[in-house]
Every structure is written in C-alpha cells, then in structure tokens.
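Subject: Structure for your files

Hello,

Here is the structure I said I would pass on. My notes follow below it.

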Amino acid sequence: MAAELEQYPTGIDYSRQTGWDENNVFLSYGHGDLNAESQLLNVITKSWQKLYLDPMDTDFFNPENWEIGTRIEEQFLLASRFHDLVQRWKKETGHYSVVARRYQNDSYKKILDLKSDAVPLILEELRRDPDRWFSALVKLTGENPAEHAKTFYEAVDKWIAWGIQHKHLQRWHV
Amino acid sequence: MARLSHHLESLYPELKQQDYEVTSPKDKVYNCVAWAVERDTKRWWEPSGEPFDHWPDEVAYDHAFENYVKVFERRGYSKCDDSSLEAGYEKVAIYKHQDGWFTHVAHQLENGKWTSKLGPDEDIEHLTPNSLESADNGRVEVILKKKRNA
C-alpha cells in the first residue's frame with residue numbers, strides 16, 4: 001500500500017502547481033473555475049452513479065424506488081450543507097496565517113459535526129481546491145496516510161490516493 | 001499593476017487607502033513568518049502539528065503570541081519603540097488579535113517600505129505596518145529590530 005501511495009496515483013505534478021499565463025493571470029492547480037452550483041451538480045451526479053441509477057429511467061412514483069429517492073435527497077441535502085459551510089469557512093478564514101486559528105471557526109466545527117458522512121465530500125473538495133483538511137480527515141477517519149508527508153502537496157496527494165483506495169474518490173486525470 | 005482580489009482588499013481597509021504592490025503570486029506553501037524570518041518560500045512556519053510545517057527547535061511548540069516574538073528574538077532581534085526607518089537596521093512588526101492570537105508579521109525593507117506574505121495568498125509591499133491592521137489581523141503589538149546583515 002505504501003509503495004502505491006508513493007507513486008502519486010493521482011498523476012498530478014505538484015511541482016508545477018503555480019504560475020502566470022501570458023495575460024498575467026495567475027494560474028494554480030486546484031483553483032478550478034467551478035462555482036458552488038456546479039460543485040453541487042457534480043455531487044448529485046455522483047450520487048446517481050453510486051447507486052447505479054439513471055434518473056431518466058427511474059420511476060420515483062413507484063413505491064419500490066422511494067427508499068432510493070430518499071437516500072438521494074439525503075445526499076443532496078448533505079452536499080448542499082457541506083458546500084455552504086466550506087464556502088463560509090474559506091471566506092472567513094482562508095486568508096489567515098495561522099492554520100490552528102482556522103480550526104476555531106464555527107463553520108469548520110460544523111463540518112466536523114457531519115462526521116464520517118463528510119469524508120468523501122472533504123476528499124473531493126481537497127482535490128478540487130487543496131486546503132488544510134488534514135486534521136479534519138485524521139479526526140474523522142482515524143487514519144493518517146500523510147503522517148510522514150514532507151510538503152503540503154505531498155500530504156494532499158497521500159490523502160487523495162487514500163481516498164481512491166478506499167473508494168471515496170474515483171481515479172481522475174488532469 | 002496587479003491588485004489583490006476585492007475580497008482581500010475588503011479585509012484590509014487601511015491598505016486599500018494606500019499604495020501597495022503585489023510582488024508574488026499566491027502560494028499556499030509558505031506564510032508570513034517564513035517570509036519575514038528568512039525569505040523561506042518552501043515551508044509554512046507554525047507549530048501546527050503537521051509533519052511538513054516548520055517551527056524552530058529552540059522555541060516552545062505552542063501558539064502563544066510570545067513564542068512568535070521569540071522566533072525573532074532568537075535571531076538577534078530586540079524590541080524597539082517604533083516602526084520608523086533606521087539606517088543600518090531592519091525591523092519586523094508583529095500583529096496580535098484582541099483574542100490573543102498571533103496573526104501576522106511584516107518585515108521592513110531597506111527603502112523603508114514593508115513586505116508581507118498574506119497567509120496563503122500573495123506577497124505585497126506596503127507603506128506602513130498599519131496598512132494591514134484590521135478586524136481580522138488586529139493591531140501591531142510588537143516592533144523588533146536588528147542590525148542588517150547581523
């Protein structure tokens with residue numbers, strides 16, 4: 001397992017994660033142009049895929065599908081709440097110079113309150129926009145694949161690899 | 001000239017009133033302490049518990065404000081009265097929030113301007129330490145100085 005993690009299975013070259021383009025616009029890996037709505041849409045789409053459903057072919061008036069419909073609704077509400085809290089946390093603390101101070105934020109604490117349900121969402125968010133999620137992930141999973149990481153981006157990669165191995169994330173190529 | 005995002009400018013109302021210059025792209029890898037201490041752009045200096053973050057061995061591994069002051073005192077800085085430019089000296093201004101947290105440190109350049117790394121965001125040059133006083137950063141609590149190249 002350790003050997004596989006060391007190969008950076010996400011395939012991301014973090015050594016080239018920042019730069020300026022010809023129009024003097026700053027570019028960085030992870031700063032995707034996804035807005036909150038499209039992030040949510042991604043989560044919803046994944047919830048359908050995870051349940052092997054095609055929304056166009058599913059009759060939710062059929063009582064046999066009510067339970068599945070409820071589960072999808074729960075996932076939607078969870079993802080919606082998560083992304084709302086993430087946006088607030090990043091807006092309120094993303095500029096801090098002390099990471100520990102960011103952990104005092106109410107939105108961050110509410111994300112931890114989501115417990116293990118938050119893990120796949122955090123990993124997806126970590127991959128989209130790398131940030132200081134490591135402490136939360138350790139708390140929520142009881143594991144620490146990045147305990148020997150030498151850099152911030154190595155820790156990101158270790159956790160993404162862990163997420164892929166534990167089926168929280170799909171393999172993704174950039 | 002590159003400007004900070006509207007969101008960041010809104011966080012530093014004093015800065016918005018003065019001239020400032022963005023001098024680097026955003027970078028999540030290093031923070032203001034790393035930048036002010038030794039222009040370290042490879043590490044985030046904080047006793048965070050993360051294996052990749054750096055904190056000097058000779059300073060207690062704790063977020064107490066005094067420990068951030070000690071980081072500089074152990075490197076030859078001593079407390080002084082004001083942030084004015086003194087020939088032959090370099091100064092740092094250390095900021096403290098009213099809740100007691102260390103929040104920021106800015107470093108004086110030879111031309112009298114100040115350089116700051118803004119959390120995981122850009123480096124900037126600004127005119128005075130007061131430029132970065134704000135509701136989030138609090139106020140400049142301590143000014144330290146040492147002889148240049150000492």
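The contact between helices α6(A) and α8(A) involves Val119(A), Leu123(A), Leu126(A) and Arg127(A) on the α6(A) side. Their partners in α8(A) are Val156(A), Trp159(A), Ile160(A), Trp162(A) and Gly163(A). By class, the residues of this contact are seven nonpolar, one polar and one charged. Please keep in mind that the model is predicted.

As for the geometry, α6(A) covers residues 119-128 and α8(A) covers residues 152-165. Their axes come within 10 Å of each other and cross at roughly 135°. Angles over 145 degrees would count as roughly antiparallel, and 65 to 115 as roughly perpendicular, so α6(A) is classed as oblique to α8(A). The crossing of α6(A) past α8(A) is left-handed.

On the chain as a whole: chain A contains eight helices and two strands.

Some totals for chain A, which has 174 residues:

- Buried residues make up 45% of the chain.
- Among contacts with a separation of 6 or more, 56% are between residues 24 or more positions apart.
- The accessible surface is about 9,900 Å², and carbon and sulfur atoms account for 51% of that area.

Regards

Terms used:
Residues are numbered from 1 along each chain as its sequence is written. Chains are lettered from A and ligands numbered from 1 in the order in which they are written. This is a predicted model: local features need pLDDT of at least 70, side-chain atom pairs count only at pLDDT 80 or more; totals for chains, interfaces and linings use all residues. Side-chain values use heavy atoms; hydrogens and water are left out. Axes are lines fitted to C-alpha atoms, for helices over the stretch in contact, and angles run from 0 to 180 degrees between N-to-C directions. Helices (H or I, at least four residues) and strands (E, at least two) are DSSP runs, numbered from the N terminus. Angles under 35 degrees count as roughly parallel, over 145 as roughly antiparallel, 65 to 115 as roughly perpendicular and the rest as oblique. A crossing is left-handed if the near helix is turned anticlockwise from the far one by less than a right angle, and right-handed if clockwise. Contact means heavy atoms within 4.5 Å. Ala, Val, Leu, Ile, Met, Phe, Trp, Tyr, Cys and Pro count as nonpolar, Asp, Glu, Lys and Arg as charged, and the others, Gly among them, as polar. Buried means under 20% relative accessible area, exposed over 50%, partly exposed in between (1.4 Å probe, protein chains only). Accessible areas come from the Shrake-Rupley method with a 1.4 Å probe; for residues, only the protein chains shown count as cover.
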